[in-house]
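Subject: Structure handover

Hello,

Here is the structure for you to look at. My notes on what was found follow below it.

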Amino acid sequence: EIYQCDWSSDVCSSDLANLEEDIFNAVAHNHYERAFAAMLRERGVTHVPVEEKRRSVIDGTPVKSLDFLVLANDGRWFVTDVKGRRFPGGPPGRPRRVLECWATLDDVDGLERWARRFGGGCEGLLVFPYLVDPDEADSCAWGDPCRHEGRDYRVLAVPVSEYRRHMRVRSPRWGTVDLPAAAYRSVVRPLSHFTGEGDPWGLPA
């Protein structure tokens, strides 16, 4: 359980399907992004993957590229950055029942800038797909479940505004930040909480 842890017309449908598959394969270059995109497709969530080969620019200034644009059922747009992690965490051979939620300050700054530039109530989301160890999969009753390419994931997300409010420096040298366990627990939710295609959900007491 999570409470025991420490703590992205005029065209025929076949053409659209082929185009989506081409974009999907080109953009989703790691298994976390592939799993995330597959989950969105399976749930019928409108989304746009973003090409990341070149550094993006907003108003003449370089900015970290986002991973996906996601449209919720209520019409809200989200800009997302997918940060794949493993559960349990920790180094190989020494697993720790933690939900790692670290990111870089560049990630946080970039999402905030994208959300402001899109405007219209667009929000930034840090999306954390957790690759779950096979021995843990049956007991993980948290997050949005996703099985893809023979792997089990649980997908959680945090609004970047909340992440910014609670974040602390993890490594000044590498520019990484994270959230204290209690803060992460208070703000993290399954992605479906934001997109609206899932049932209401909350963390166990």
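A residue counts as exposed when its relative accessible area is over 50%, and as buried when that area is under 20%. Aspartate 59 has a relative accessibility of 62%, so this residue is exposed. Please keep in mind that this is a predicted model.

Backbone

Most residues other than glycine have a negative phi, and most peptide bonds are trans. Aspartate 59 has a positive phi, near 50°, and sits in the loop between strand S2 (56–58) and strand S3 (61–63). Glutamate 149 is not a glycine either, yet its phi is positive at about 55°. Glutamate 149 belongs to the loop between S9 and S10 and is partly exposed, at 44% relative accessible area. Proline 88 is in the loop between S6 and strand S7 (103–104).

Aromatic rings

A pair of aromatic rings is described by the distance of the centres and the angle of the planes. How many aromatic pairs does the structure hold? There are eight. In one of them, the ring centres of phenylalanine 78 and phenylalanine 194 are 6.1 Å apart; the planes meet at 70°, so this pair is edge-to-face. Phenylalanine 78 is in strand S5 (residues 77–82) and phenylalanine 194 in helix H6 (residues 191–195), so the pair links distant parts of the chain, 116 residues apart. Are these two residues buried or exposed? Both phenylalanine 78 and phenylalanine 194 are buried.

Another edge-to-face pair is made by tyrosine 130 and tryptophan 142, with 5.7 Å from centre to centre and 80° between the planes. Tyrosine 130 is part of strand S8 (residues 123–132), while tryptophan 142 is in the loop between S8 and strand S9 (144–148), so this pair ties together parts that are twelve residues apart in sequence. The relative accessible area of tyrosine 130 is 0%, so it is buried. Tryptophan 142 has 1% and is buried as well.

Tyr130 and Trp142 also belong to a cluster that ring pairs form with Phe87, Phe128 and Tyr184. Elsewhere, a charge meets a ring: the charged end of arginine 85 sits over the ring of tryptophan 102, at 3.9 Å from the ring centre.

The largest pocket

The volume of the largest pocket is about 290 Å³. Which residues lie nearest its centre? They are Arg86, Phe87, Pro88, Leu131 and Asp133, out of 17 residues that line the pocket. Strand S6 (85–87), S8 and strand S10 (151–159) are the elements that give two or more residues to this lining. Sorted by class, the lining has eight nonpolar, four polar and five charged residues.

Cysteines

A disulfide is a covalent bond between the sulfur atoms of two cysteines. How many disulfides are there in this model? The count comes to zero. Cysteine 101 is buried, because its relative accessibility is 3%, and cysteine 146 is buried because its value is 5%. Cysteine 122, at 11% relative accessible area, is buried too. Cysteine 122 lies in the loop between helix H3 (105–118) and S8.

Contacts across the sequence

Some residues that are separated along the chain can also be compared by their C-alpha distances. Cysteine 122 and valine 79 are 43 residues apart along the chain, and their C-alpha atoms are separated by 7.2 Å. Valine 127 is in strand S8 and is buried, with a relative accessible area of 0%. From valine 127 to arginine 189 the distance is 62 residues in sequence and 9.7 Å in space, C-alpha to C-alpha. Glutamate 42 is in helix H2 (residues 31–42) and is exposed, with 60% relative accessible area. Glutamate 42 and cysteine 146 are 104 residues apart in sequence, with 9.7 Å between their C-alpha atoms.

Regards

Note on methods: Residues are numbered from 1 along each chain as its sequence is written. This is a predicted model: local features need pLDDT of at least 70, side-chain atom pairs count only at pLDDT 80 or more; totals for chains, interfaces and linings use all residues. Side-chain values use heavy atoms; hydrogens and water are left out. Rings of Phe, Tyr and Trp (its six-membered ring) pair if their centres lie within 6.5 Å; planes under 30 degrees apart count as stacked, over 60 as edge-to-face and the rest as tilted. Helices (H or I, at least four residues) and strands (E, at least two) are DSSP runs, numbered from the N terminus. Buried means under 20% relative accessible area, exposed over 50%, partly exposed in between (1.4 Å probe, protein chains only). A charge sits over a ring if NZ of Lys or CZ of Arg is within 6 Å of the ring centre and within 35 degrees of the ring normal. A disulfide is a pair of cysteine sulfur atoms within 2.5 Å. On a 1 Å grid over the protein atoms alone, a cavity is a set of points where a 1.4 Å probe fits but cannot get out, and a pocket is an open set with protein on both sides within 12 Å along at least five of seven lines; lining residues have an atom within 4 Å of a point. Grid points are joined across faces, edges and corners, and a volume is the space filled by probe spheres set on the points. Ala, Val, Leu, Ile, Met, Phe, Trp, Tyr, Cys and Pro count as nonpolar, Asp, Glu, Lys and Arg as charged, and the others, Gly among them, as polar.
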